[in-house]
Amino acid sequence: MVKKIYLDNAASSQKKPATVLKAMTDYLSNIGCSPGRGGYDCSLKAGRIVLETRLAIAELFNVPSPEQIIFTHNITHALNYAIKGLVKTGEHVITTSMEHNSVIRPLKSLEKEHKIEVSYLKCNRQGLLDPQELEQTIKDNTKIVVLTQASNVTGSLMPIARLASIARQRGLSLILDTAQTAGLYEIDFTELAIDVLCFTGHKSLMGPTGTGGFALTKKTAAQMSPLIEGGTGSISDQEYQPDFLPDKFESGTLNTVGLAGLKAGVEFIRKTGLAKIREHELSLTARFLAGLEKIRKIQVHGPKDISLQTPTISISVAGFDLGELSYILDQRYGIMTRSGLHCAPLAHKTIGTFPEGTLRFSIGYDNTVAEIDYVLKSLREIIPD
Ligand SMILES: Cc1ncc(COP(=O)(O)O)c(C=O)c1O
């Protein structure tokens with residue numbers, strides 16, 4: 001049987017730490033009830049898991065207090081909460097040309113229905129952005145900047161410190177999409193003065209699917225309307241949604257089993273060390289990039305420089321259909337990759353790979369040198385010189 005090699009970590013990390021599985025099994029075996037809804041022992045224990053997960057996330061991103069962490073089911077929900085809850089009719093919003101559809105689509109629908117104006121900062125063919133672009137695009141009615149910290153197509157990192165500083169100086173709210181960076185890079189919510197930091201649990205944070213959320217400042221929370229309203233287990237005599245955190249934005253029974261796993265995922269990352277995880281994944285990326293350079297028919301898109309990118313690599317191959325290549329890699333070699341547009345069509349228009357897309361390899365913490373060498377050998381075998 002062919003050994004399976006998973007290289008789709010930009011979509012979801014596959015093998016979770018054993019502690020994540022244990023935490024989830026423990027919750028289902030020994031607790032199993034709703035948090036914050038009853039005064040009995042297992043409900044209090046479930047509530048404690050939720051609070052501890054909030055604390056772990058707040059500590060990871062340096063957020064002042066745990067009630068500023070709101071849980072959702074993924075970052076798509078978090079971004080919708082932030083964008084639709086903050087943007088008002090007539091406002092101008094700035095985003096980049098490398099965004100995922102979870103940013104582009106909510107903005108497009110607001111543009112159509114609520115007459116907001118959207119500008120897209122033009123990134124270059126490597127998917128990199130000159131921060132000057134932001135300075136030059138701000139108008140009198142600009143209120144919000146929505147940015148991904150790294151592209152899920154090329155791995156390109158945005159100059160986030162500089163962009164955040166421009167947004168702060170010009171009085172703009174900053175919504176940050178950390179789908180490709182949380183759990184890999186240090187992200188300081190307070191230092192960067194981010195207004196809404198959106199995260200997803202199932203990628204580098206090592207949690208299960210169905211987890212994610214956002215951190216927000218108290219000032220932003222007061223200005224933001226909740227997208228979803230309903231039961232919170234608090235002030236139930238009132239027919240209006242609570243206006244305090246986290247309840248204002250957290251209606252309905254939480255995914256407690258998922259949060260138990262997410263907490264263990266974050267603990268694993270902190271214990272192992274972000275730098276250690278990042279260095280491992282980036283050294284494999286450098287090795288992979290060097291190997292790809294030697295295969296004549298392969299064109300690598302993106303920075304090709306590990307100081308400017310995450311462990312995500314996109315390629316095109318002259319004379320090959322990328323869907324077919326992905327299929328061959330999976331079926332004959334046991335290598336799991338993803339081909340196509342990766343829910344980011346604008347990014348492909350930016351780097352010149354629309355509409356065919358790219359073949360994407362995204363490296364994770366459990367990949368090894370031997371696996372990267374095997375993938376390179378397999379590519380050399382499939383693609384004649
Ligand atoms: C940059 C970026 N934003 C948003 C998302 C959406 O993530 P989720 O499916 O967890 O909502 C992804 C997922 O690939 C992504 O890479």
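A residue is called buried when its relative accessible area is under 20%. The legends below refer to a predicted model.

**View 1. Strand β5 and its burial.** Strand β5 spans residues 142–148 and is mostly covered. By the criterion above, 6 of its 7 residues are buried. In a regular strand, side chains alternate between the two faces of the sheet.

**View 2. Pairing of β5 with β3 and β6.** Strand β3, formed by residues 92–96, runs parallel to β5 and is joined to it by 3 bridges. Within this pairing, His92 stands opposite Thr142 of β5. Strand β6, residues 173–177, is likewise parallel to β5, with 5 bridges between them. Here Leu147 is placed opposite Leu176 of β6.

**View 3. The crossover from β5 to β6.** Helix α6 comprises residues 160–169. Together with β5 and β6, helix α6 makes a β-α-β unit of right-handed sense.

View 4. A polar side-chain atom of Thr76 lies 2.5 Å from a ligand oxygen atom. For Ile75, a backbone N or O atom is 3.3 Å from an oxygen atom of the ligand. In Thr200, a side-chain N or O atom is 2.6 Å from an oxygen atom of the ligand. On its own the ligand has 400 Å² of accessible area, and the protein covers 89% of it.

Conventions:
Residues are numbered from 1 along each chain as its sequence is written. This is a predicted model: local features need pLDDT of at least 70, side-chain atom pairs count only at pLDDT 80 or more; totals for chains, interfaces and linings use all residues. Side-chain values use heavy atoms; hydrogens and water are left out. Buried means under 20% relative accessible area, exposed over 50%, partly exposed in between (1.4 Å probe, protein chains only). Helices (H or I, at least four residues) and strands (E, at least two) are DSSP runs, numbered from the N terminus. Two strands pair if DSSP finds at least two bridges between them. A crossover is right-handed if, with the strands pointing away from the viewer, the path from the first strand over the helix to the second runs clockwise. A polar contact is a pair of N or O atoms within 3.5 Å; within protein, one must be able to donate a hydrogen and the other to accept it, and residues adjacent in sequence count only if both atoms are side-chain atoms. Accessible areas come from the Shrake-Rupley method with a 1.4 Å probe; for residues, only the protein chains shown count as cover.
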